[in-house]
Each structure stands twice: as C-alpha cells, then as structure tokens.
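Here is a short report on a protein and its ligand. Look at the strands first, then at the ligand's surroundings.

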Amino acid sequence: MKEIVNVSKQWGIGKNGDLLINIPGDMKFFRETTKDAVVIMGSTTLESFPGMAPLKNRINIVLIDDPAKIKKESVEAAEADKKAGKKTELIFVRSIEEALKAAEPYPDENVFVIGGATIYRIMLPYCDTCLVTINDCKDKPDVYYPNLEESGEWEMTEEGPENEWEGIHYRFTTWKRK
Ligand SMILES: NC(=O)c1ccc[n+]([C@@H]2O[C@H](COP(=O)([O-])OP(=O)(O)OC[C@H]3O[C@@H](n4cnc5c(N)ncnc54)[C@H](OP(=O)(O)O)[C@@H]3O)[C@@H](O)[C@H]2O)c1
C-alpha cells in the first residue's frame, strides 16, 4: 500500500483545513496515479472535495468515527456516479482494521492513502511506499506529514527533475521503507 502526498520542504501539508498549495501539475499526477484505484481517506478529506463527492471511478474507503456524521451529499454523489455508469464506490469504515479489510480484495499496488494529516499518520505503518511531491511553498502550514527523512525508516529511491509553476518549484519523489 502507498501514500500519496504533496509536502513543503518542512513536510507541511495543509493550513486552515485546506491544502497548503494546489499545484495543477501535481493534481494531474494524483489523478493519473489513482485512476481506477482504491483510495483511503479521512472524513475531513472527503468533506473537503467539491460537493463532498467521492473521487469518480475509484473505490473510496472513508474512515469515520461516528456514522451519524456521514453526509447525504457524499452518498448521493456516489449513487449519481453509478447511475451514470461510473465505477465510483463509497465505503465507510470505523477503524484501521476495517479499512484494511475493505482494501484487501484489491491488488496492493492499487491502494493509495490520500490523507489527511490524521489518516496519513495512522496508516503509514501499513505502507511500504510513499509518493511525495516536494514543493518550496513558503506559506506556514498548520498540519504536517511525518518527516520521512528524519524517521530513519525511509529512504528516497527516486527523485524527478525540478518543475515550476507560478514561481513554486516542485519535484516528484518516491520513498521506500528500508
Ligand atoms: N498535501 C496533501 O497532499 C494533503 C492531502 C489530503 C489532505 N491534506 C490536508 O490535511 C488536512 C486535513 O487533515 P485531518 O487530519 O484534519 O483530516 P483527515 O485525516 O482527512 O480526517 C480525520 C478524520 O478521520 C476520522 N478518523 C480519524 N481516525 C479514525 C479512526 N482510527 N477510525 C475512524 N475514523 C477516524 C475522524 O473523523 P470523524 O470524527 O468525523 O469521524 C477524523 O476527524 C487539511 O488541511 C487538508 O488540506 C493535505
């Protein structure tokens, strides 16, 4: 299982409940990488999507403590997708164990943890690969991704060339558990 995340050089990933920075080239990479895949996320991340709709043509596994908090909009959006012939699934789970069980039928290389801060942290021990886009955005984050460099458990195995968008520089990197 992999995590896919966009971090600043200080491993910041968000502020005020939003992404720290929204880079179109990185969004494209995210869409292409997770196409037709299984994505695992927290309820806050699902709520942050436009219309609280799950990601289209993906199996969306959402961790939520309290089922009473499930949003009608999300369920309706998933049903509308299915009616339109899309392969969107929305599965709510209440624990890490249930999330792993829901993902079990699918090939491991097709399962991605997509955030947010809480879910990245609790699911990281179950992952062997992290796809990390590293940007040089200077905004101050209020939520962080675990610092893989300092953890001693991870090593960067691939580092792509530098890209630039509106003065922000970013690279696609791959990290593997040692
Ligand atoms: N840079 C990136 O790549 C990236 C990607 C995604 C998100 N983000 C950022 O991350 C931030 C959001 O992170 P977050 O930590 O607030 O939200 P989150 O990880 O998306 O969701 C947290 C929620 O998940 C539920 N949950 C947590 N642990 C659980 C467990 N063990 N079992 C069942 N449910 C559990 C709880 O929801 P309930 O209490 O509702 O049940 C909890 O409030 C935002 O700033 C967002 O922009 C960044």
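β2 and β3 form an antiparallel pair, joined over 2 bridges. In one of them, G14 has L19 of β3 as its bridge partner. Keep in mind that this is a predicted model.

The pair belongs to an open sheet of 3 strands, in the order β3-β2-β9, with antiparallel pairing. β3 and β9 (143-144) stand at the edges with a single partner strand each, so one side of each has no neighbour in the sheet. Strands of a sheet pair through backbone hydrogen bonds, either parallel or antiparallel.

The ligand takes up the space of the largest pocket. Two or more residues of the shell around the ligand come from each of these elements: β1 (2-8), β2 (12-15), β3 (18-19), α2 (43-48) and α5 (117-123). Which of them gives the most? That is α5, with 5 residues.

## Who surrounds it

The ligand is surrounded by 27 residues. D18, S43, T45, D65 and T118 are the closest. By type, the shell holds 11 nonpolar, 11 polar and 5 charged residues.

## Backbone contacts

Now for the ligand's nitrogen atoms. One lies 3.1 Å from a polar backbone atom of I13. For I64, the distance from a polar backbone atom to a ligand nitrogen is 3.3 Å. R94 places a backbone N or O atom 3.2 Å from a nitrogen of the ligand.

How much of the ligand does the protein bury? Taken alone, the ligand exposes 950 Å², and the protein buries 81% of that.

Methods. Residues numbered from 1 in each chain as written. Predicted model: local features only at pLDDT ≥ 70, side-chain atom pairs only at ≥ 80, totals over all residues. Heavy atoms only, no water. Near = heavy atom within 4 Å. Polar contact = N/O pair within 3.5 Å; in protein donor to acceptor, adjacent residues only side chain to side chain. Areas by Shrake-Rupley, 256 points an atom, 1.4 Å probe, with all protein chains shown as cover. 1 Å grid on protein atoms, 1.4 Å probe; cavity = no way out; pocket = protein on both sides within 12 Å on 5 of 7 lines; lining within 4 Å. Sits in = over half its atoms within 2 Å of the grid points. Helix = DSSP H or I, 4+ residues; strand = E, 2+ residues; numbered from the N terminus. Nonpolar A, V, L, I, M, F, W, Y, C, P; charged D, E, K, R; others polar. Pairing = 2+ DSSP bridges.
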